[in-house]
Amino acid sequence: MAFIEMQNVTKQFRVYPRQKGFANALKSLVYKPYEIKTAVDGIDFSIAKGELVGYIGANGAGKSTTIKMLSGILVPTSGQIEVGGLVPHENRKRNAGRIGVVFGQRSQLYWDLPMEETFDLYKRMYKIDAAAFKRNVQFFVELLDMQEFVRRPTRQLSLGQKMRANLALAMLHDPEILYLDEPTIGLDVVAKSKIRKFIREINREKATTVILTTHDMNDIEEICDRLIMIDHGRKMFDGTLHEFKQTYSDSTIVILDLEEDAALQVSDGRLKVIQEDGQRKYVSIDKNIISLVDAITQLAQTNRIREVNVKEPDIEDTVRRIFEK
Ligand SMILES: Nc1ncnc2c1ncn2[C@@H]1O[C@H](COP(=O)(O)OP(=O)(O)OP(=O)(O)O)[C@@H](O)[C@H]1O
């Protein structure tokens, strides 16, 4: 068994549509009609210890529901889940000791307490050993650049500072797994970069397994080795970032450096020149209509090429196109 294992997991919710009119409202006291909403629909995946996995999908795809089942907050309707040999919802307390969770839209901080005191509170709650606690606080405060605000009450902190504090708190008891739900939402570039660096660093230093849901594809690009994409509760893709781009992107950019500063000669309508920058030219090709080899051969016949490079498609664009479809 892998470290984290989901086998054919489904989660359905009962949804009670609002009844219109007084008579229907009365009737619903006796019998309340409901509909079944399938949020997660037969998902399978295995994650090894120490992996950094991006879990993506459009709004309402079922990402948070999956994380909640993995954390033991929700019980699956069917299928099996095991996290480090435990069934999360049957062992909520033991599971909680081994996981750290951060929901970007919610905070675990206490409004009036400064971070320092919240750390102490968590130390007692999780019964964290004094030496490990001291080491972690020092390590996280430094890594997340929290020195200037650990003594200020939470209510005075900016969104980015609060998110950093939440991350430190989630990692304080040295969990083996960190579930992150939109950890960079609403943050500026600098704060995002600090958080990404932190996630990579704790994975490297402590081999923490990370599952990250996000709508920001730069998070995925900068943090994750692997990507799982879901749509309407079903798994659509599971593989490396490179495989994802190869599978879903139709266009590839060929970068040519010519021998001289001349206009690029293109005789095939399937090749689109998208930018000319002195001797450097950028050509976009749709791999469904022309292969990379044919495109380069064609270009070499009409131009004196010094060097050819191929750029991977942009993940942000690729994902946007998939979601739009
Ligand atoms: N408690 C609930 N009761 C009824 N329906 C729910 C409940 N929780 C989630 N859903 C529905 O299940 C589907 C999946 O929701 P979920 O929150 O897992 O999506 P998500 O991928 O995390 O979306 P987002 O990116 O918007 O956060 C949605 O259609 C949502 O409305």
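# A guided tour of a two-domain model

Start with the whole chain in view: the centres of domain 1 and domain 2, taken over C-alpha atoms, are 40 Å apart. To colour them, select 2–246 for domain 1 and 251–324 for domain 2; these bounds come from an automatic or database domain assignment.

Two things to know before clicking further. This is a predicted model, in which local features need pLDDT of at least 70 and side-chain atom pairs count only at pLDDT 80 or more, while totals for chains, interfaces and linings use all residues. Residue numbers run from 1 along each chain as its sequence is written.

## Stop 1: where the domains touch

Zoom in on the boundary. Seven residues from domain 1 and seven residues from domain 2 make the contact, where two residues are in contact if their C-beta atoms, placed from the backbone, lie within 7 Å. Now select 217–223 and 241–248: these are α8 and α9, the elements that give two or more residues to the side of domain 1 that touches domain 2. Helices here are DSSP runs of H or I with at least four residues, strands are runs of E with at least two, and both are numbered from the N terminus. On this side of domain 1, α8 gives the most, with three residues. By class, the side of domain 1 that touches domain 2 has five nonpolar residues, no polar ones and two charged ones. In this scheme Ala, Val, Leu, Ile, Met, Phe, Trp, Tyr, Cys and Pro count as nonpolar, Asp, Glu, Lys and Arg as charged, and the others, Gly among them, as polar.

## Stop 2: the whole protein

Zoom out again and switch to cartoon. The protein has eleven helices and 13 strands. Its C-alpha atoms fill a box of roughly 75 × 60 × 45 Å along the principal axes. The radius of gyration is 25 Å, whereas a compact globule of 325 residues would be near 20 Å; the value is taken over C-alpha atoms, and the globule rule is 2.2 Å times the number of residues to the power 0.38. Of the contacts with a separation of 6 or more, 71% join residues 24 or more positions apart.

## Stop 3

## Stop 4: the nonpolar cores

Next, show the inside. Of the 325 residues, 30% count as buried, meaning that 20 or more other C-beta atoms lie within 10 Å of a residue's own; 12 or fewer make it exposed, anything in between partly exposed, with C-beta atoms placed from the backbone. A nonpolar core is a set of buried Ala, Val, Leu, Ile, Met, Phe, Trp, Tyr and Cys residues joined through C-beta atoms within 7 Å.

Select V53, L167, A168, M171, Y179, V210 and L212, which touch the most other members of the largest core, a set of 58 residues. Helix α6 (159–171) gives the most to this core, seven residues. Apart from it lies another core of six residues, including L256, L258, A295 and L299. Back at M171, look for its contacts G100, F140, L178 and I202, leaving out residues up to four places away in sequence.

## Stop 5

Select L52, in strand β3 (52–56). Is L52 buried or exposed? L52 is buried, because 20 other C-beta atoms lie within 10 Å. Beyond four places in sequence, L52 is in contact with N203, V210, I223, C224 and D225.

Now go to Q80 in strand β4 (78–83). Q80 counts as exposed because it has 12 C-beta neighbours inside 10 Å.

## Stop 5: two loop residues

Most residues other than glycine have a negative phi. K127, not a glycine, has a positive phi of about 50°. Find K127 in the loop between α4 (115–125) and α5 (130–143); with 8 C-beta neighbours inside 10 Å, K127 counts as exposed.

Finish at D145, in the loop between α5 and α6. Its phi is also positive, near 55°, and D145 counts as partly exposed, with 15 C-beta neighbours inside 10 Å.
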